Amino acid sequence: MNKSKKIRVAVNGYGVIGKRVVDAVSLQPDMELIGVSDIGSDYRVQTAVSLEIPVFAPSPENASEMSSAGIPITGSLNDLLSQTDIIADCTPKGIVAKNLSLYQEAGVKVVYQGGKNTH
Ligand SMILES: NC(=O)c1ccc[n+]([C@@H]2O[C@H](COP(=O)([O-])OP(=O)(O)OC[C@H]3O[C@@H](n4cnc5c(N)ncnc54)[C@H](O)[C@@H]3O)[C@@H](O)[C@H]2O)c1
């Protein structure tokens, strides 16, 4: 399959659920993982780095903290949204509601995993 025809997928929140979604996406021949967004710098995000998954940060403050902790930051969540067709939101409860408008403004389809509570 032509790589450019693959569905571009991003994952927001690389935790217990997010890392499994990333693993599943990576196994699909018709999908291409663009990157993950997170706010953490612990073993979870370190694992993404070790797997050479591009890491994005929702805010400049998050990016600064993560960079200070040694996480290479590829760009912002908006940058990630500009490169993807669909995002799987695996962030904790309450965060999804804040992210929904970002996804809508970017015209990116979203799949909610785990946290939900969009209202
Ligand atoms: N793990 C389960 O079995 C399970 C089952 C049902 C529901 N849930 C719910 O699903 C949600 C996610 O669960 P989990 O187990 O993957 O949690 P987790 O804590 O393992 O992962 C959440 C990830 O989201 C990141 N994050 C937090 N705020 C963020 C933000 N603003 N932007 C981007 N990333 C952010 C965290 O740093 C973390 O890496 C939770 O609300 C949980 O209650 C989990």
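These questions and answers go through a predicted model, from its ligand to its helices and some single residues.

Q: How many residues surround the ligand, and which are the closest?
A: The closest residues to the ligand are Val 16, Ile 17, Asp 38, Lys 93 and Gly 114. They belong to a shell that holds eight nonpolar, seven polar and three charged residues. The number of residues that surround the ligand is 18.

Q: Which residue has a side-chain N or O atom 2.5 Å from an oxygen atom of the ligand?
A: The backbone of Val 16 has a polar atom 2.9 Å from a ligand oxygen. Lys 93 has a backbone N or O atom 3.0 Å from an oxygen atom of the ligand. The residue with a side-chain N or O atom at 2.5 Å from a ligand oxygen is Asp 38.

Q: What share of the ligand's accessible area does the protein cover?
A: An oxygen atom of the ligand lies 2.5 Å from a side-chain N or O atom of Asp 38. On its own, the ligand has 830 Å² of accessible area, and the share that the protein covers is 66%.

Q: How far apart are the end C-alpha atoms of helix α5?
A: Helix α5 runs over residues 95–106, which makes twelve residues. At 1.5 Å a residue the helix should span 16 Å. The distance between its end C-alpha atoms agrees with this, at 17 Å.

Q: Where around the axis of α5 do its buried residues lie, on the same side or on opposite sides?
A: The buried residues of α5 are Val 96, Asn 99, Leu 100 and Tyr 103. Around the axis they cover an arc of only 130°, so they lie on the same side of α5. An α-helix has 3.6 residues a turn, so residues three or four places apart point the same way.

Q: What is the relative accessible area of Val 96?
A: Val 96 is part of helix α5. Its C-alpha atom is separated by 14 Å from that of Ile 86, ten residues apart along the chain. Val 96 counts as buried because its relative accessible area is under 20%, the value being 0%.

Q: Is Thr 84 buried or exposed, and which backbone atoms lie 2.9 Å and 3.2 Å from its side chain?
A: Thr 84 is in the loop between α4 (77–83) and β5 (86–89). With 5% relative accessibility, Thr 84 is buried. A polar atom of its side chain is 2.9 Å from the backbone oxygen of Arg 8. At 3.2 Å from a polar atom of the Thr 84 side chain is the backbone nitrogen of Ala 10.

Q: What is the phi of Glu 52?
A: Glu 52 lies in the loop between α2 (43–50) and β3 (55–57). Glu 52 is exposed, with a relative accessible area of 72%. Most residues other than glycine have a negative phi. Glu 52 is a residue other than glycine with a positive phi, near 60°.

Q: Which residues of α3 are exposed on the face turned away from its buried side?
A: In helix α3, residues 60–68, the buried residues are Asn 62, Ala 63 and Met 66. Seen down the axis, they fall within an arc of 100°, so they line one face of the helix. The face turned away from that buried side carries the exposed residues Pro 60, Glu 61, Glu 65 and Ser 68.

Q: How far apart are the C-alpha atoms of Glu 65 and Pro 54?
A: Glu 65 belongs to helix α3 and is exposed, with a relative accessible area of 52%. Glu 65 and Pro 54 are eleven residues apart along the chain, and their C-alpha atoms are separated by 17 Å.

Definitions and conventions
Residues numbered from 1 in each chain as written. Predicted model: local features only at pLDDT ≥ 70, side-chain atom pairs only at ≥ 80, totals over all residues. Heavy atoms only, no water. Near = heavy atom within 4 Å. Polar contact = N/O pair within 3.5 Å; in protein donor to acceptor, adjacent residues only side chain to side chain. Areas by Shrake-Rupley, 256 points an atom, 1.4 Å probe, with all protein chains shown as cover. Nonpolar A, V, L, I, M, F, W, Y, C, P; charged D, E, K, R; others polar. Helix = DSSP H or I, 4+ residues; strand = E, 2+ residues; numbered from the N terminus. Expected span 1.5 Å × (residues − 1). Buried < 20%, exposed > 50% of the residue type's maximum accessible area, 1.4 Å probe, protein only. Arc of directions from axis to C-beta.
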